[in-house]
Amino acid sequence: MHIGNLRTALFAYLFAKSQHGKFILRIEDTDQGRYVEGSVDVIYSTLKTAGLVHDEGPDIGGDYGPYTQSERKGIYRQYALELVEKGAAYYCFCQKSDKEQEPQEGGIGYDRHCRNLSPEEVKAQLDAGKPYVIRQRIPLDGTTSWNDLVYGEISVENATLDDQVLLKSDGMPTYNFANVVDDHLMRITHIIRGSEYLSSNPKYLLLYDAFGWERPQYIHLPIINGRNADGSISKLSKRHGAVSFQALVEQGYLPQGIINYIALLGWSPKSEQEIFTMDELIEQFSIEGVHKSPAVFDYQKLGWVDGQHITMLDPAVFVRDAFPYAQISGTFLEPKWTKLASLLQSRITKYSDIPEKIAFLLQMPEYDTSLYIHKKNKSTLESSVSILSHAIDCLSGLEDWSEDSLMASMTALATELGLKLGPLTWPVRIALSGLMATPGGAIDILYLLGKDESLKRLNDGIRLISKENLEDGK
RNA sequence: GGUGGAUUCGUCUAACGGUUAGGACACAAGAUUCUCAAUCUUGCAAUAGGGGUUCGAUUCCCCUAUCCACUACCA
């Protein structure tokens, strides 16, 4: 499910819940050619994972079923015929190829060839078994307008509307027809959808009017754009990266983080709060906060929002859910995962950030000795060699390799050498990690690596510096 | 081409005629910390352009520009 679709579903859900209304799932599968096996299951699982629980739907039923359009085929036919009788629709026997010629300049789609066939002609064609569609008979003049709850008053000249197909030649309705019939029959009061439907809305309104049905309220939402590699902006799509909810979840973004972020695309709360739970969103959501201009999907801000949610997570939950992403099953790190997880929780934006952050623990990376040179900690190659050998002396005699014990002995060593902890641990951490920045400090890493590996890396550090000094000496 | 819509820091947005145009992300600096992150402080940065209306326009009107959507027997 595309992020754009999910955002629309989210707003519909938030609006329904905030008004103590019902959120209804209807499967619109009237294009049999585009049927994709399993896609309905993706919708169910996405809604479930995202926490958007529907009150009526194909899987749980309800008073206005069936909720799958292909199972309602007969209903649409009946209503289409009603419109024909009322003169608001007509049979059309044109073949698709008859109107293949592009609409002329300023023209409006179908040329209305069959709009004024006599009843006799229609009957003759039907009796001959000729395939047909049923088209909407759009009034030739007048205007259609409505007050959109987001976009305000919108008026369109009927003369600019085309006689769209309502019932296809295979007997299935078009989306344009089915949505009107179903929304009426299912007693939908508020329709929330993307602004790409703004242009076709007058045609739907004319259908409501032709049936004599009460029009629902309309809430059109701004679209979500993405930024292209060249800096330009266009409607969010696959080329912008992972844009399906599933893909983002697989990357280790939290469902609640994704939901929180997309709620902020096209809506803003009255307060300056930015981090929300679903319940808070329901409580604070209102249509007045929805705005009209499109928003650009920003992975950086998604990352920040998700990182906030990760940091807020109960540590026990983080330990459990992040573990599979760490890929440390069977390694020496597995028993120490709880400790490692505590270091990671505030340092990642999504679970998939974890492997690269801990790779240095599993395998010592190659590094340049220039890392030992650090002005703020007054660290040089010479001082590093000295500190590292002191550290090795101190640690090799250490029996108790617990965090507390390590901290105590390193602090003691610092005092002994007349150093603050920082200058002492800088070279130690470099020798242990080979990295400028690590999750956790030198003492955390000593603990995680264990005694043998720690001492090995410290010795290797001295060796590396000495070797380079020798080469420099030549 | 036609129709409809949109236009505030790079990005998400606040300000429904009167503010030094606010907040957040990102970026930068500082505090703090055994590095980094987290946290806190500070800085940088915007009303597309032009006309009106008004004592006063981000806000209302018009024009221009740019962008988007629709213009399917797709949804």
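Axes are lines fitted to C-alpha atoms, for helices over the stretch in contact, and angles run from 0 to 180 degrees between N-to-C directions. Helices (H or I, at least four residues) and strands (E, at least two) are DSSP runs, numbered from the N terminus. The model is predicted: local features need pLDDT of at least 70, side-chain atom pairs count only at pLDDT 80 or more, and totals for chains, interfaces and linings use all residues. Residues are numbered from 1 along each chain as its sequence is written, and chains are lettered from A and ligands numbered from 1 in the order in which they are written.

The axes of helix H15 (residues 403-417) and helix H17 (residues 442-449) come within 9 Å, crossing at roughly 130 degrees. H15 is therefore oblique to H17 (angles under 35 degrees count as roughly parallel, over 145 as roughly antiparallel, 65 to 115 as roughly perpendicular and the rest as oblique).

Residues in contact have C-beta atoms, placed from the backbone, within 7 Å.

| Helix | Residues in the contact |
|---|---|
| H15 | Glu403, Leu406, Met407, Met410 |
| H17 | Ile443, Leu446, Tyr447 |

RNA strand B is surrounded by 65 residues, the closest being Glu28, Tyr175, Glu196, Ser293 and Gly441; a residue is near a strand if its C-beta atom, placed from the backbone, lies within 6 Å of it. Elements that each supply at least two residues of this surface include H17 and helix H5 (175-185). H16 gives the most, with five residues.

Arg320 is found in helix H11 (residues 315-326). The C-alpha atoms of Arg320 and Trp337 are separated by 9.8 Å.

Methods. Two residues are in contact if their C-beta atoms, placed from the backbone, lie within 7 Å.
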